[in-house]
Each structure stands twice: as structure tokens, then as C-alpha cells.
Amino acid sequence: MSAVSTPPVTPTPARRDAEATKAAILKAARHLLARHAHADITLKAVAERAGVSPPLILKYFGNKDTLFARVMSFESDADALLAAPLDELGAHMVRHVLVSQSEQGADPLLRIVFAPLHGEQGDILRANFRTQVTDRLTDRLTGPDVGLRAELAVATLLGLGVMYGIARGTEVRASTVDALVDRYAPSVQAHLTP
């Protein structure tokens with residue numbers, strides 16, 4: 001019997017998933033925006049943090065301003081943050097903030113805390129936050145003082161995000177997500193329901 005020889009298989013280089021690459025670039029830009037003034041952030045720094053080349057950022061986003069316009073938007077984060085019925089929204093929001101930080105390394109809201117670092121860009125960040133997060137939440141609430149209650153609910157979430165992600169509270173970080181949701185969600189929900 002003669003052996004049948006097969007030609008050697010030449011592996012084709014794996015193509016990087018475009019959506020995963022864009023997500024890595026946005027995550028890197030958010031990380032840098034939370035730690036440095038907008039004017040001090042270079043595309044090279046974003047590229048290094050994302051593990052891509054600066055020309056790839058230009059390919060996907062066009063320029064630094066377009067990239068940071070996306071980073072300064074809370075639209076998709078707000079979609080996920082507010083994706084629950086009103087009577088379950090407090091628990092959903094707390095869980096979303098904690099899972100985003102613990103598993104994805106990014107808080108959906110926390111970059112607003114750094115708005116003062118960004119000059120005029122900080123004004124854009126604040127305006128986006130107001131319209132895309134607090135105003136959308138306000139529109140879902142009923143009863144008295146809906147605007148105030150929405151802002152207080154978001155402020156409560158920001159406090160949790162700061163303690164978990166920035167202050168790195170030892171006890172908070174040692175607790176399970178479920179335990180934190182059980183303890184913290186009622187505080188958020190109290191602002192959501194009249």
C-alpha cells in the first residue's frame with residue numbers, strides 16, 4: 001500500500017475581528033480619558049493601550065475628535081443601564097455597574113466624574129450625560145420630583161462606582177455582586193419609585 005501524501009497546510013493569518021478591535025480602541029480611549037486631560041491624550045497612547053496601530057484607529061474612527069465623540073457618548077451605555085422594567089430597575093442598574101467594572105473593566109457612568117479635567121470637552125461630556133442618562137431616566141419615572149429623583153438615583157450609582165472602581169473599597173470588592181445588589185439596590189430603587 002502506498003501512503004497518500006497530503007500537501008502541508010499553510011495556516012492563514014487570523015483576521016482580527018473588526019468589532020472587537022473597535023471595542024478595544026474605545027475601551028482604551030475611555031480608560032485614558034478617565035485618567036488624563038483630553039488634550040494630553042494622543043492616538044499613539046490609545047493605540048498602545050488597545051494593542052493596535054494608530055493608522056487602524058484612523059481607519060475605524062477617522063480622527064481623534066470622532067473617536068472621542070464616541071467615547072463621550074453615553075448612548076449605548078444608557079441603553080444597557082436602563083434595560084429593565086421600572087420596578088426592577090434599581091437592582092438591574094446596580095448589577096450592571098458592578099458587572100461592567102468587575103468583568104469588563106469599564107464603568108458605564110464613571111467617566112462623567114472626570115469631566116472637569118477636559119475643558120470644553122468636559123462640557124460635551126456633561127451635556128451627553130444629562131441628555132443620554134439622567135433625562136432618559138427622568139422620562140421613565142412617574143410621580144413628584146422626577147428630575148430630582150433621577151439625578152439622586154444616578155448619584156447613588158456613581159458613588160458605588162467610585163467606591164468599587166476608584167477608591168477600590170476592600171470590603172466592597174470582596175463582596176459578591178449578588179450580595180452588593182441585595183444591599184445597595186433598595187437605595188437606588190427608593191429614588192425610582194414614588
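Let's start with aspartate 145, which has its place in the loop between H7 and H8. Helices here are DSSP runs of H or I with at least four residues, strands are runs of E with at least two, and both are numbered from the N terminus. This is a predicted model, where local features need pLDDT of at least 70 and side-chain atom pairs count only at pLDDT 80 or more, while totals for chains, interfaces and linings use all residues. Residues are numbered from 1 along each chain as its sequence is written, and side-chain values use heavy atoms, with hydrogens and water left out.

You'll find arginine 168 in the loop between H8 and helix H9 (170–174), and it is partly exposed at 48%. For a glycine with a positive phi, look just after H6: glycine 105 has a value of about 70°.

Back to the loop between helix H7 (119–140) and helix H8 (146–166), where leucine 141 is also found. Is leucine 141 buried or exposed? Leucine 141 is buried, with a relative accessible area of 7%. Leaving out residues up to four places away in sequence, leucine 141 touches Leu86, Val146, Arg149, Ala150, His191 and Leu192; a contact means heavy atoms within 4.5 Å.

Now follow H7 itself. H7 has 22 residues and reaches 31 Å from its first C-alpha to its last, close to the 32 Å expected at 1.5 Å a residue. (The expected span is 1.5 Å times one less than the number of residues.) Where does H7 bend? The bend comes at arginine 130 and is about 35°, taken as the angle between axes fitted to the seven residues ending there and the seven starting there. Buried residues of H7 include Gly122, Leu125, Asn128, Phe129 and Leu137, and their cover includes H5, H6, H8 and H10.

One of those residues brings us to the aromatic rings. Rings of Phe, Tyr and Trp (its six-membered ring) pair if their centres lie within 6.5 Å; planes under 30 degrees apart count as stacked, over 60 as edge-to-face and the rest as tilted. By this rule there is one aromatic pair. Phenylalanine 74 and phenylalanine 129 form it edge-to-face, at 5.1 Å centre to centre with 80° between the planes. The pair links distant parts of the chain, 55 residues apart: phenylalanine 74 is in the loop between helix H4 (64–71) and helix H5 (75–81), and phenylalanine 129 is in helix H7. Phenylalanine 74 is buried at 0%, and phenylalanine 129 is buried at 9%. Another ring, that of tyrosine 164, has the charged end of arginine 173 over it, 4.5 Å from its centre. To count, NZ of Lys or CZ of Arg must be within 6 Å of the ring centre and within 35 degrees of the ring normal.

Next comes helix H6 (residues 89–104), with buried residues including Leu89, Met93, His96 and Leu98. The buried residues of H6 pack against H5, H7, H8 and helix H10 (177–192). Histidine 96 has a relative accessible area of 18%, so it is buried, and it touches Asp77, Ala80, Leu81 and Pro108, not counting residues up to four places away in sequence. Over in helix H8 lies threonine 156, buried at 15%.

Finally, the core. In soluble globular proteins, nonpolar side chains tend to be buried together. A nonpolar core is a set of buried Ala, Val, Leu, Ile, Met, Phe, Trp, Tyr and Cys residues joined through side-chain atoms within 4.5 Å. Which members of the largest core touch the most other members? Of its 50 residues, they are Val46, Ile57, Leu67, Met93 and Leu137. H8 gives the most to this core, with seven residues. Isoleucine 57 is in contact with Ile25, Leu43, Val46, Ala47, Val52, Gly62 and Leu67, leaving aside neighbours within four places in sequence.

Key: Buried means under 20% relative accessible area, exposed over 50%, partly exposed in between (1.4 Å probe, protein chains only). The expected span of a helix is 1.5 Å times one less than its number of residues.
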